[in-house]
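The model comes first, the details after.

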Amino acid sequence: STAAAPCPKPVSARKGAVDDQLTFESLNRTYRVWIPATYSGDVALPIIVNYHGAGGDPQSIDDFSSNLSAKANARNYIVVAPQGDTGGAETARWTVPGIATTPDDVSFTNAMLDKLSSEFCIDQKRIFATGFSSGGAMSTWIGQSDSERFAAIVPGGGVNLVDPTFQRFPIPIYAYHGTKDELTFYNGIDGVPNKPDPINKGKSAFFGGVEEVMSYWAQGNGCQPAFTDTNLAPDAILRTWAGCKAATQVLLAVGGGHTFPGGTTRSGGDLGATITSVNMADLMLNWFDTQKKA
């Protein structure tokens, strides 16, 4: 193995929540980055990109995901939450196949990571993505299209918003989804892949149910077809596949809606129940601790 690249000379000694921006494709793109209080600049830290849902913003996704930044910073992770663009639509969202073609949010993410890597000491083998709803779709898509850079993904409430057959290379995935999600429907729309969603006026692409989509992911990740269900709690089932080239699992929040397991805030509207027996922020951090690019 080769020695890790030397860390850049820190441009700043900033810590805590910092708002920053960059110009990309002639758009002013903004993001919020949370730096651990213990950050010294001489040890490479992992980073988690946390994508908000439609109409959201960096602080709302951090609140929604049970203060992921504070939990992650306590474990010496950097967290960054970028701001989505409207792309001419009414609300900010992420560009994934079937939703839109502009702006190029994968390339924007890479430009943001390049800038962050020039300012902070980031472990390039431990770059992770998560997000919810539209952000769940984006974290799914970044895993499919940018597995050279990302080490693992945790899509929430949106893994079935991107065609699972787009996957190019194995990448570790730990999805989570409420079994009573009636926005990004757990069973798809009448079980029909890519049937237009009446709630979103035909704009959303659903690719069947979460269980069906995860079986595609297991296949793409080289797993054996059979899976094992483990009850983490009466309302939290962890489904895992064995023999994989890349770890593949999904948390089924039994009875949960379009919500964050263990979370306390909602993103608006009646989105169903929130299970509280497990906290997805803790679960994903435990899992990210075990993931690293070869």
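A salt bridge here is a side-chain nitrogen of Lys or Arg within 4 Å of a carboxyl oxygen of Asp or Glu. This is a predicted model: local features need pLDDT of at least 70, side-chain atom pairs count only at pLDDT 80 or more, and totals for chains, interfaces and linings use all residues. Residues are numbered from 1 along each chain as its sequence is written, and side-chain values use heavy atoms, without hydrogens and water.

The structure holds eleven salt bridges.

| Pair | Closest N to O distance |
|---|---|
| Arg 14 and Glu 119 | 2.7 Å |
| Asp 282 and Lys 71 | 2.9 Å |

Glu 119 is buried at 7% relative accessibility; buried means under 20% relative accessible area, exposed over 50%, partly exposed in between (1.4 Å probe, protein chains only). Arg 14 is partly exposed at 27%.

Asp 282 is partly exposed, at 28%. Lys 71 is partly exposed too, at 26%. Asp 282 lies in helix α6 and Lys 71 in helix α2 (residues 68-74), so their pair ties together parts 211 residues apart in sequence. Helices (H or I, at least four residues) are DSSP runs, numbered from the N terminus.

Helix α6 spans residues 280-288; seven of its nine residues are buried, so the rest of the structure largely encloses α6. The buried residues include Trp 287 and Phe 288. Asn 279 caps the N-terminal end of α6, with a side-chain oxygen 2.9 Å from the backbone nitrogen of Ala 281.

Notes. Helix = DSSP H or I, 4+ residues; strand = E, 2+ residues; numbered from the N terminus. Polar contact = N/O pair within 3.5 Å; in protein donor to acceptor, adjacent residues only side chain to side chain.
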